[in-house]
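Here are my notes from a look through the model, point by point. Have it open next to you as you read.

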Amino acid sequence: MTTKILDSIKKDFGDGIIVTANNIIERKNTIIPVSPAIDAILNGGIPEGSTVTLTGQPKCGKTLTCLTFAVNAQKPEYGGRNIYYLNIEGRIKARDLEGIPGLNKDKFMIIGSEQGNILTGEKFLQIADRLINTEPGCVIIVDSYSSLCTETELTSDMDKMQRADGPKLISKFCRKVAQAVAVNKVILIGITHLMANPGNGYAEWKEKSGNSIGYQVDVKLKAKYHKPWTLTQDGAIIGQEVIWTAPVTALGAPNGECTSFIRYGQGIDKYKEIIELAVSAGLIEKAGSWYTLSFLSDEKNKFQGTEKIRTFLLENPEAFKKLDDEIKKMLGLKTNA
């Protein structure tokens with residue numbers, strides 16, 4: 001009886017709409033890395049077919065982290081994907097794009113307003129909806145959900161202080177694309193803002209985008225705080241350290257925490273991150289300012305200061321890969337291998 005019912009359902013609604021639990025378990029999805037430190041708390045990275053949000057206070061590196069992920073997604077081993085960047089805030093700069101090593105600018109499409117054609121929030125999300133349904137495997141970056149301005153807001157006078165209806169628009173968008181993102185193996189990344197809401201004698205930081213995204217999200221990264229990064233206590237600032245938490249993950253346990261390093265003009269410094277992970281894992285011995293990289297060979301490769309060992313890894317990509325592979329193995333991170 002059950003077989004007859006299932007056959008009739010498949011005939012009327014589609015042969016592939018009913019699968020067993022084993023089919024879901026055995027289904028292979030490409031996992032795309034973000035950076036060594038962030039991958040460690042995501043148990044490998046971000047799988048295709050995921051909805052992702054990055055949130056945090058201003059200037060904590062949300063956009064730059066998305067751009068770094070875009071570089072990885074463009075690599076042939078991760079699908080050679082096209083990237084569509086919804087420039088809702090209108091603030092992406094040449095400096096931002098030029099400062100990300102390896103970004104294929106021909107496969108990085110920026111969608112934004114032009115003179116005489118200011119896109120409303122509805123139009124931005126209609127474009128995202130069309131891409132999700134027509135280009136399987138692509139990566140869409142929405143920068144940001146919090147800045148979406150609906151047609152009602154955009155066309156009303158400044159003295160009309162109606163309640164912002166952006167969250168309702170986002171809610172409809174989330175419902176509409178939920179199935180297509182997974183089925184078409186799209187990666188939808190949205191940036192949201194944290195806003196200070198004063199009350200009860202203190203300012204509480206709230207996420208500005210509504211609650212609907214939270215129900216759909218597969219991976220969520222939240223920047224707890226960030227601080228200047230210097231090589232010495234009184235040295236010049238070369239970047240910033242970002243402390244990320246992962247309240248939601250698709251591949252492992254949630255609520256992990258890591259420190260990611262952003263180097264100005266170069267994006268996320270994967271070499272610095274791998275050094276810190278290797279020291280923690282015992283693959284690099286650290287004594288004061290000296291680092292001994294004995295893991296790679298019988299020779300004792302000694303370096304004074306992180307910059308010198310970083311230069312060695314930069315100039316020897318095979319050494320970096322061997323170290324990266326061993327860390328992933330030790331941490332049990334999921335990979336495509």
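1. Which residues does Thr 68 touch, not counting residues up to four places away in sequence? They are Val 34, Ile 100 and Ile 268, where contact means heavy atoms within 4.5 Å. Thr 68 itself sits in helix 4, residues 62–74. With a relative accessibility of 12%, Thr 68 counts as buried (buried is under 20% relative accessible area, exposed over 50%, partly exposed in between, using a 1.4 Å probe and protein chains only).

2. A word on ground rules. This is a predicted model, so local features need pLDDT of at least 70 and side-chain atom pairs count only at pLDDT 80 or more, while totals for chains, interfaces and linings use all residues. Residues are numbered from 1 along each chain as its sequence is written, and side-chain values use heavy atoms, with hydrogens and water left out. Helices (H or I, at least four residues) and strands (E, at least two) are DSSP runs numbered from the N terminus.

3. Strand 13 pairs with strand 14 in the antiparallel sense over three bridges, and Ala 287 stands opposite Trp 290 in strand 14. The two strands form a hairpin with two residues between them. In the turn, Gly 288 has a positive phi of about 65 degrees.

4. Tyr 291 has Phe 303 in strand 15 as its bridge partner, and Thr 292 stands opposite Lys 302 of strand 15.

5. Next, the helix pair. Helix 11 (residues 306–315) packs on helix 12 (residues 317–331) at an angle of about 105 degrees, and their axes are 5 Å apart. Axes here are lines fitted to C-alpha atoms, for helices over the stretch in contact, and angles run from 0 to 180 degrees between N-to-C directions. The two helices are therefore roughly perpendicular to each other (65 to 115 degrees; under 35 is roughly parallel, over 145 roughly antiparallel, the rest oblique).

6. What does that packing consist of? From helix 11, Phe 312, Leu 313, Leu 314 and Glu 315 meet Pro 317, Ala 319, Phe 320 and Leu 323 in helix 12. By class, the contact has seven nonpolar, no polar and one charged residues (Ala, Val, Leu, Ile, Met, Phe, Trp, Tyr, Cys and Pro are nonpolar, Asp, Glu, Lys and Arg charged, and the others, Gly among them, polar).

7. Two backbone spots to check by eye. Asn 43 is not a glycine, yet has a positive phi of about 60 degrees; Asn 43 lies in the loop between helix 3 (36–42) and strand 2 (46–47) and is buried at 16% relative accessible area. Lys 185, also not a glycine, has a positive phi of about 55 degrees. The loop between helix 8 (166–183) and strand 7 (187–199) holds Lys 185, which counts as partly exposed at 28% relative accessibility.

8. Last, a cis peptide. The bond from Asp 143 to Ser 144 is cis, with omega near 5 degrees. Ser 144 is in the loop between strand 6 (139–143) and helix 7 (151–155).

Definitions and conventions: Pairing = 2+ DSSP bridges.
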